[in-house]
Amino acid sequence: SSRQNVNAIAGAIPDIILLLDKEGTYLDVFSSGGLEDPPINKEEYINKNVRTIFSEALAEEFLAAIDKAIEYKHLEVIEYELGLASKQSSYEIRILPTGFKKQGLDTVVAIVRNVTQQKRAEGTLQTINKVFEESTEGIMIEDSEHKVVSVNASFLLMIGLSADEVHAEHSTFFMKLLDKGIVKAIYKSMEDHGRWQGETTIYRRECEDIPVWLTINSVYDEDHQPVNFVTMVSNISEIIQSREKLEYTATHDVLTGLPNRVLIFDRLASALKRSKRRKSAGGVLFLDLDNFKEINDYLGHAYGDELLKKSAQRLKKSVRAEDTVGRLGGDEFLIILEDITEIKNVKMIAQNILRRFVEPFILADKEYDISVSIGISTFPADGFTPEELISAADLAMYHAKKSGKNDFRISTSALKQQSIENFSIDQAIRKAEKRNDFLLMYQPMIDINSYKVVGVEALVRMESKEYGMLLPEKFILSAEQSGSIVKIGKWVIENVCKQIQQWKAEGIFDFNVAINLSSRQLNDDSLIEFIEDVSKKYEIRTGELEFDISESTLMQNDKVVSENLSQLYVLGYKLVIDDFGSGESSLSNLKMFALDKLKIDKRFVRELFSSEGNQAIVEATIALGKSFGLTVIAEGVENKEQEAFLREKGCDEIQGYLYCKPAKADVISEIIKERNY
């Protein structure tokens, strides 16, 4: 790995090489030294601050140099004396900004070098020449007229020229290897300050260009006149590569190679600025793979990862080269479209994506049909910040999921308003759970011939301080989406059992009580155990309870739902298919599940006489239920004409406002006494 390569190279360097953040905290030790001094103990430095290592004065000097290096993006060097092992040693710290951050703070590389020997040998020409020739940094010394006096081997290697080609030549040959803009900055800085340093590139004639850290300093005589110019060049190729890899890792998803959340937000922010400047429009597509959880659950995460990679490839092929495709996380992707002239262009791209996902995915040598749901927001119409646009697209995607998946939805003001209302209702539900603001109402089910009460349906209400009395259609969907329905459902089951116990004590209980179970409840692994425990607690016989399940829930074909329904039937609880006729697979549901009753959707009863077609549907439904040996109940009966038609066609039970609106338990008790006794 690149990290191992860097460690191997750094380990061969005799200097101490450290990674610190802007506040002076040691983050890593690349090389622990050990040539002139004993190697440092890495554990004694990591997460420590320079203030705990050095004296106060030296620590402050170190921190100031770090700040300066980061601010001006150049090398900073400090020197200090330190007494170690009964001897005084000289050290030099070279501080170089890395260009990347750790935990939000800029970082630097500090190279600590023991320069005691160099200090002692400053007056010795032989030592100077040795250091000069063996230095890994390229060095060029010029005279006062900028003619080359001496160059070392490293410098020649870096510029790709020989000693004969540069000796006594004017240093303009070197400037020709640099960018013109950099050369201009060098000349100005040398004239103003007598020095220049910074990161640049040497463009070699017949060799690969190399990134370098270039330092040029003037050497003055006693009269402060320049007598020499010293150019030092450090090859920073490995540092650049490491920096680029770190930056890539920080901004790209490891699995798919797509831009990650950080880079997506950055690119979307840039796209919004360009859109504002050009007065152009764009779009954001929020995508979520349908049923991705099942792939992970049944095949394993390795196949889920493979699906994500293949999905990323299809998405990239579905858009233009200039568009951004990124992965937000999990199975969520985001696409940024710029310079969109019409909304239909965004729709066309969404449709193109849906078409590409029609082709099955090959996983574990088998084909799997995986679709995608897409939400679309446009800018500037839906917002001026990445957060607003992504939120709007996410909301639209949610509605695409809710509408049956494998589709796209475009953000609208109506969707946003509905989202706000759903959030408000969800907050009200949470408060109601804490305050126990739920109550039960009951509606009788009447035998169509005897007019006796043969059952009651339990209907939950929420009495919110913020919204008043809320009917189920106002809060049940939000509770289902948030998961609160599981807790509410258990409250309903327990309080129904408690009420049955009360009716038994009154001596008037000779009917069944129906409780609605939602998809979320039936997906609860603890449902059956809870129902059994509550039934035992209140001495409820299984035949006294019946559970209404909507046809849409049965159509989900979920493993947990099917198992829970089977257990309820085996235990003796009655099962009712609710809102029959509203789904697409009514007949197959009757064959697949062990049911006791069938409830005709109230919509057909309410519109019974609006057309002959509705009458035919109701008549056929009653006949179908009878053929399967089911008790047939009609909901929503509001007048005698409906009652007469249903009796004539053989309906068993009826329920609706004709007999009683949903009422509290004490009212139901009086109705039972009146009709049954």
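Reply: The questions below concern a predicted model, and each answer sets a value against its criterion.

Me: Why is His 252 called buried?
Reply: The relative accessible area of His 252 is 16%. Buried means under 20%, so His 252 is classed as buried.

Me: Where is His 252 placed, and which residues is it in contact with?
Reply: His 252 belongs to the loop between H10 and helix H11 (261-278). With neighbours within four places in sequence left aside, its contacts are Gly 257, Leu 258, Pro 259, Asn 260 and Leu 263.

Me: What makes the pair of side chains of His 252 and Thr 251 a polar contact?
Reply: The two side chains make their polar contact at 3.0 Å, and the cut-off for such a pair of N or O atoms is within 3.5 Å. Residues adjacent in sequence count only if both atoms are side-chain atoms, and here the contact is from side chain to side chain.

Me: Why is Tyr 187 called partly exposed?
Reply: Tyr 187 has a relative accessible area of 43%. Buried is under 20% and exposed is over 50%, with partly exposed in between; the value of 43% therefore makes Tyr 187 partly exposed. This residue is found in helix H9 and touches Thr 172 and Met 175, residues up to four places away in sequence not being counted.

Me: How far apart in space are Tyr 187 and Tyr 26?
Reply: From C-alpha to C-alpha, Tyr 187 and Tyr 26 are 37 Å apart, and 161 residues separate them in sequence.

Me: What makes E7 and E8 the edge strands of their sheet?
Reply: Their sheet is open and has five strands in the order E7-E6-E10-E9-E8, with antiparallel pairing. Strand E7 (148-151) and strand E8 (195-202) each pair on one side only, as edge strands do. Neighbouring strands in this sheet are turned by 20 degrees against each other on average, direction ignored.

Me: How do you know that E8 and E9 pair?
Reply: Two strands pair if at least two bridges are found between them. Eight bridges join E8 to strand E9 (residues 210-220), and the two run antiparallel. Across them, Arg 195 stands opposite Asn 217 in E9.

Me: Which helices pack on this sheet?
Reply: Helix H9 (residues 180-193) touches E8, E9 and strand E10 (226-235), and its direction makes about 170 degrees with that of E8. Helix H10 (residues 237-251) also packs there, touching E8, E9 and E10, at about 130 degrees to E9.

Me: What makes the pairing of E16 and E17 count, and in which sense do they run?
Reply: Strand E16 (residues 372-379) and E17 share three bridges in the parallel sense, and at least two are required. Ile 376 stands opposite Ile 410 in E17. These strands belong to an open sheet of five in the order E12-E13-E11-E16-E17, where the pairing is mixed. Its edge strands are strand E12 (324-329) and strand E17 (408-410).

Me: Which helices lie across that sheet?
Reply: Helix H14 (residues 343-356) lies across strand E11 (282-289), strand E13 (332-337), E16 and E17, at about 160 degrees to E16. Helix H15 (residues 386-402) lies across E11, E13, E16 and E17, at about 145 degrees to E16.

Me: Which residues touch the most other members of the largest nonpolar core?
Reply: In this core of 74 residues, they are Tyr 442, Val 496, Trp 503, Val 513, Leu 545 and Phe 547. Helix H18 (residues 484-506) gives the largest share, nine residues. The contacts of Leu 545 beyond four places in sequence include Val 496, Ile 500, Val 513 and Tyr 573.

Me: How do you know that the buried residues of H26 line one face?
Reply: The buried residues of helix H26 (residues 640-648) are Gln 642, Glu 643, Phe 645 and Leu 646. Seen down the helix axis, they fall within an arc of 165 degrees, so they line one face. Glu 641 and Glu 648, on the other side, are exposed. The buried residues pack against helix H24 (602-606), helix H25 (612-627), strand E25 (631-634) and strand E26 (653-654).

Me: What is found at the start of H26 and just after it?
Reply: At the start, a side-chain oxygen of Asn 639 comes to within 3.2 Å of the backbone nitrogen of Glu 641. Just after H26, Gly 650 has a positive phi of about 95 degrees.

Terms used
Residues numbered from 1 in each chain as written. Predicted model: local features only at pLDDT ≥ 70, side-chain atom pairs only at ≥ 80, totals over all residues. Heavy atoms only, no water. Buried < 20%, exposed > 50% of the residue type's maximum accessible area, 1.4 Å probe, protein only. Helix = DSSP H or I, 4+ residues; strand = E, 2+ residues; numbered from the N terminus. Arc of directions from axis to C-beta. Contact = heavy atoms within 4.5 Å. Polar contact = N/O pair within 3.5 Å; in protein donor to acceptor, adjacent residues only side chain to side chain. Axes fitted to C-alpha atoms, helices over the stretch in contact; angles between N-to-C directions. Core = buried A, V, L, I, M, F, W, Y, C linked by side-chain atoms within 4.5 Å.
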